[in-house]
Protein chains: 2
Amino acid sequence: MITVLCGGVGAARFLRALRAEGSVPTTDVVGVVNTADDTVLHGLSISPDLDTITYTLAGAIDPERGWGLVDETWTAMGALARYETVRPVGSSAAPTWFNLGDRDLATHFYRTARLGEGARLTEVTGEITRAWGVGEQLIPMTDDRVATVVELADGTSVSFQEYFVRLRHSVPVRAVRFAGADRAVVQPRAATAMRDADVVVIAPSNPIVSIGPLRALAGTDDLLASRRDSVVAVSPIVGGAALKGPADRMLLELGHDASVVGVARLYCDVASTLVIDPLDAHLADAVEAVGMRCVVQPSVMSTPEVAAALARRVLDVAR
Amino acid sequence: MITVLCGGVGAARFLRALRAEGSVPTTDVVGVVNTADDTVLHGLSISPDLDTITYTLAGAIDPERGWGLVDETWTAMGALARYETVRPVGSSAAPTWFNLGDRDLATHFYRTARLGEGARLTEVTGEITRAWGVGEQLIPMTDDRVATVVELADGTSVSFQEYFVRLRHSVPVRAVRFAGADRAVVQPRAATAMRDADVVVIAPSNPIVSIGPLRALAGTDDLLASRRDSVVAVSPIVGGAALKGPADRMLLELGHDASVVGVARLYCDVASTLVIDPLDAHLADAVEAVGMRCVVQPSVMSTPEVAAALARRVLDVAR
């Protein structure tokens, strides 16, 4: 069994790479997925990372945007603009800054209805992945509510989606915290998957806002540390830049190095090995100096072949 | 000021007739609207009668269906079908029997978000009608939750929308009740409008499930009875049949006459006058025998001219 700790796009691509690699049956792959980006808009429960992974593995993701469904339409969102003009001051109804495609809406409708019936997010996620024919087991990191709060340099705090989507992650960040993480319980199946897997992979996701929330849950770091030898992380930073999203700037703003060395410092307690791209090969010694084994392997998953080779290498070094 | 007691389609058409009549400024028209058909689906707060009236007055209603928006698309609903196959037994998530158009969804998104912020339905309704440029004041009968429960002949109970939409109102009904009506308070602005208007019109809506819920609220019947002389009802039954919906069968099944006489018996305590179509002119004496003045006037609003003439006659007889 392979367990992958997941954010959104980077993790989705790594899970797809595992399929391309081909040696592990999809049903033996578990994704433990960040839910601290989850939000409620229009009364709908939205789980961006879970959906990005599901749609990617279903072959239905929009390849350009990296999120949402391919061949999507935006009729409902277009119609929402009418209500922006009548929304009272102080209201955040009719948020047109968060685009929800018409077909994508069905997923949020289903999730919202099922949670309203008292189902746990884990259950609902299993139903949604089954509806999309996804064989991998996707497990939310917790069934409790954890919410990433981003404290901006100007002192105001915003939700993750406000930072990421509304503000297009273009404003400086002073701190990040995970509201509710102190009370939330790691999903028991996620804990089992992290404990019993042959290999745990930390996907090339944002170490702070994608992997950070899972690590903020009581017990996770201890669990990973206890089996550190077979935990491999893939660096989301290549050549000093994030492959996607604001990980590079966020690392800098929060006092870390926006480099594979900075990533190694964040992961060295819980993972034995860091996979870095040849572009960063000159930093391999610096990574090892931090206390991680460093493996150089093309990690920009630009073709299925590169992706499959990355997955193969990750499995090899962990076994 | 003219106050119209409203269900959905029939009331929407009567309000449009008042515009065509032209003697009353739209801002002097108040619609007190049934909300006992309101429902929550996919976590979204849906108010069918309010929306039917708003869309009709905005000139945006689908003229064929009589509900929903013209030139609508159904992409989200189409995508929902995928989830029907994975819904567990006992779950009512992914209800594809209640069609929500993509553009229409924006209205439910806005309403749900505003109610979630603590706004009252009356406030939100004012915002929605403003967004659509509707000058008439639409006021929900109450800001509290009242839900029509339909008891079927087989003893099971279903929500109004399940009866009306899912079962296509094709099953016999044994009783109708309005859950929550005993605790709900008439919207204060609605009460004022019913008390102070020059004329109160009971629109040609279903007497039981459209006008019934408003009348089930404490004080409404007394208020109408105290000014009965200037309350005029327009019969929704023409030639023994409902113009739209199940009013005729429902009247019969609940022990009333499916005729203008049956309607008169239901309204005689709260309205002085019943307007009936020439098709029912032979029943005028029977209506008067029940204790209502009977006015014969073409009441099938098939053209703007017929509709305007109906509105004019209603205003004339009430003044």
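What percentage of the interface residues of chain A are also interface residues in chain B? The answer is 100%, so the copies meet through the same surface. You are looking at a predicted model, in which local features need pLDDT of at least 70, side-chain atom pairs count only at pLDDT 80 or more, and totals for chains, interfaces and linings use all residues. Residues are numbered from 1 along each chain as its sequence is written, while chains are lettered from A and ligands numbered from 1 in the order in which they are written.

**View 1. Where chain A touches chain B.** Each chain brings 29 residues to the contact (two residues are in contact if their C-beta atoms, placed from the backbone, lie within 7 Å). On the side of chain A, α3 (75-84), α4 (102-116) and α5 (121-131) each give two or more residues; helices are DSSP runs of H or I with at least four residues, and strands are runs of E with at least two, numbered from the N terminus. With 10 residues, α4(A) gives the most.

**View 2. The axis between the copies.**

**View 3. Strand β6 of chain B and its partners.** Antiparallel pairing joins β6 (residues 147-152) to β8 (residues 173-179) over six bridges (pairing takes at least two DSSP bridges). Here L152(B) stands opposite V173(B). β6(B) also pairs with β7 (residues 157-159), again antiparallel, over three bridges.
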